[in-house]
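Reader: I'd like a close look at one part of this protein, the metal site and its surroundings. Could you walk me through it in one go, in plain words?

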Amino acid sequence: MMKNLTFLFVAIVIFACQPEKIELIDLHVHLKGDLTIEEAIKKSEAENIPYGIAVNCGLGFPVQTDAQVDSFRQYMSQYPQFYVGMQAEGREWLHLFSPEAIAQFDYVFTDAMTFTDAKGRRNRIWIPEETYVDNEEEFMDYLATTAAGIIATEPIDIYVNPTYLPEQMADRYDQFWTIERMDRVINAAKEAGVAIEINNRFRIPSATFIKRAKAAGIKFTMGTNNIDKNFDGSSYTREMIKTCGLTQDDFWVPEKK
Ligand SMILES: [Zn+2]
């Protein structure tokens, strides 16, 4: 009898300590490189992770007009298993698409990786030759303010590639992303009701950022921003779920249209 009770007790403890099974959707998948739609179907099924397929929309990108939005939407309607996302590019996208075209997507996201600086230079901070850092601290202030401004003013659901730093500064993430700068972004997202992506490829934002954002009541999404089909399912996000104590309720899910 005693033995049975002990067994029961151990079983209950083990059950209670199981981490909650959180269902994750990768909302930042691009049909790029060798990731064709057929490969995306296969990979999503094999890894049991639903996808949102996002298309880049903006000046100099594959989709630049309402008519191109219509065609993409029509193409994707053959694949109802996927969410369909708009990656809004640069800051020009606001003038390129009608509200009706934007509303065709299940969700809209953007990042703060393209912006015009105080000297009028158009920065694309993932390209070293197009990143203008005269002074790192000033650059950082401008970047944090820009990200907060984008979140506050553009009609988006998710801020992606969050807290991304140019290559030459990325090794000092914690130095540049001070609490004050993090909170500028977090407060803007809270105010605007914008979710923040946990990005598997760049492994950002940091646990410190995620904990502060969670405490502020921000919702998260998972995204990869893949360049081909070689990306690992969800390891950084799973790691952050554990480290930051995230639950299903902390994740935002779009509605399929
Ligand atoms: Zn992307």
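Predicted model: local features only at pLDDT ≥ 70, side-chain atom pairs only at ≥ 80, totals over all residues.

Author: Asn-225 is buried, since its relative accessible area is 10% and buried means under 20%. Its OD1 atom is one of the donors to the zinc ion, along with NE2 of His-28, NE2 of His-30 and OE1 of Gln-87, at 2.1 to 2.6 Å. His-30 is buried too, with a relative accessible area of 1%.

Now, what spacing do the donors follow along the chain? They read H-x1-H-x56-Q-x137-N. Take His-30 and Asn-225: these two link distant parts of the chain, 195 residues apart. His-30 sits in the loop between β1 (26-29) and α2 (37-47), and Asn-225 is in the loop between β9 (220-223) and α10 (235-244).

As for geometry, the site is irregular, with angles of 86 to 173° among the four donor atoms.

Moving on to the aromatic rings, a search of the whole structure gives seven aromatic pairs. One of them is Phe-115 with Phe-139, a tilted pair at 6.2 Å centre to centre and 55° between the planes. Phe-115 belongs to strand β5 (residues 114-116) and Phe-139 to helix α6 (residues 136-153), so this pair ties together parts that are 24 residues apart in sequence. Both Phe-115 and Phe-139 are buried.

Then there's Tyr-164 with Phe-202: the ring centres are 4.9 Å apart and the planes are at 65°, so the pair is edge-to-face. Tyr-164 comes from the loop between β7 (158-159) and α7 (173-176), and Phe-202 from the loop between β8 (195-199) and α9 (207-215), 38 residues apart. Tyr-164 is buried at 14% relative accessible area, while Phe-202 counts as partly exposed at 24%.

Finally, Tyr-51, Phe-82 and Phe-231 form one aromatic cluster.

Conventions. Residues numbered from 1 in each chain as written. Heavy atoms only, no water. Donors = N, O, S within 2.8 Å, 3.2 Å for Na, K, Ca; no water. Tetrahedral: all angles 85-135°; square planar, octahedral: opposite > 155°, others 65-115°. Helix = DSSP H or I, 4+ residues; strand = E, 2+ residues; numbered from the N terminus. Buried < 20%, exposed > 50% of the residue type's maximum accessible area, 1.4 Å probe, protein only. Phe/Tyr/Trp six-rings, centres within 6.5 Å; stacked < 30°, edge-to-face > 60°.
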